[in-house]
Amino acid sequence: MSMMPQSEKVFPQLMEVLIQRFDTVRTFFHLKNSSEKAFIPEKEYRFPIELLPIDFLNDIKNKPWSKEQQEVDIVLMHPNENGFVARLRKSDKCYLQFKVQKESRLWEEVSIPISAEETMLVFETLKEFLEPRVVVSKKRKWYSESDKLRLYLDEVEGLGKFVEIESEDQSADTFMKKFGIDAKLSAEPYGKLLLQKPIDMEKSLDMALKQMAFPAMNKLSEPL
């Protein structure tokens, strides 16, 4: 896997510590490595909804979208590294995710389910290697155009509405050409866009961690 210089040093050390400390991470990589590649290629584009063609918006209007759900991400990065991202995500479950940039718009990603009880401990481990940089909060729904191509409709707090188009192969490019969607209009990742805005990171981080660990905190507060 080709990574930028700091990633080459940080990522193996980080993974070694996580695998030592957390059974879920160790089990995940054991199962994945024995059956399939742990990291999945992901070509991704995201567009402010107002930049998309009307015929495309009309086409997707009646698609079988999933139920909308709230997601919150804590994004951690190395101070000198733009091509490697760690992310704690709370959606239907809690996830530990890593993204490694291979080229423009192309990433390799792995998503590891973790328990709410592990969230704080995993976060503290990540902080030994990386800096929390931004919190992304959004409402999201999705549908699969094919087994390799998925569309997301996102309403991102502080940014607005976007459509994200992702595929494991070139089908995202083919799909966009069908509707005349210009790939050059694709926006930066939400985290990068939010970093350009004034944020109270301490407050955002505190709220996000509480949201992620809420079931575990509830459990701990129950009387014996």
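Trainee: In which helix is Lys 127 found?
Mentor: This is a predicted model, in which local features need pLDDT of at least 70 and side-chain atom pairs count only at pLDDT 80 or more, while totals for chains, interfaces and linings use all residues. Residues are numbered from 1 along each chain as its sequence is written, and side-chain values use heavy atoms, leaving out hydrogens and water. Helices (H or I, at least four residues) and strands (E, at least two) are DSSP runs numbered from the N terminus. In that numbering, Lys 127 is found in helix 4.

Trainee: What is the relative accessible area of Lys 127?
Mentor: A residue is buried under 20% relative accessible area, exposed over 50% and partly exposed in between (1.4 Å probe, protein chains only). Lys 127 is partly exposed because its relative accessible area is 39%.

Trainee: With which residues is Lys 127 in contact, leaving aside its neighbours within four places in sequence?
Mentor: His 78 is 49 residues from Lys 127 along the chain, and their C-alpha atoms are separated by 9.8 Å. Contact requires heavy atoms within 4.5 Å. With neighbours within four places in sequence left aside, the contacts of Lys 127 are Leu 76 and Pro 132.

Trainee: Within what arc do the buried residues of helix 4 fall?
Mentor: Helix 4 spans residues 119-127, and its buried residues are Thr 119, Val 122, Phe 123, Thr 125 and Leu 126. They line one face of the helix because, seen down its axis, they fall within an arc of 160 degrees.

Trainee: Which residues are in contact with Ser 137, leaving aside its neighbours within four places in sequence?
Mentor: Ser 137 is placed in strand 6, residues 131-144. It counts as buried because its relative accessibility is 15%. Leaving aside neighbours within four places in sequence, its contacts are Gln 70, Glu 71, Val 72, Glu 155, Val 156 and Glu 157.

Trainee: Which residue follows helix 5?
Mentor: Helix 5 (residues 171-179) has Ser 171, Ala 172, Asp 173, Phe 175, Met 176 and Phe 179 as buried residues. These pack against strand 1 (40-48), helix 3 (54-61), strand 7 (149-156) and strand 8 (160-167). After helix 5, with a positive phi near 70 degrees, comes Gly 180.

Trainee: By how much are the C-alpha atoms of Asn 62 and Pro 48 separated?
Mentor: Asn 62 lies in the loop between helix 3 and strand 2. Asn 62 counts as exposed because its relative accessibility is 70%. Pro 48 is 14 residues from Asn 62 along the chain, and their C-alpha atoms are separated by 19 Å.

Notes
Arc of directions from axis to C-beta.
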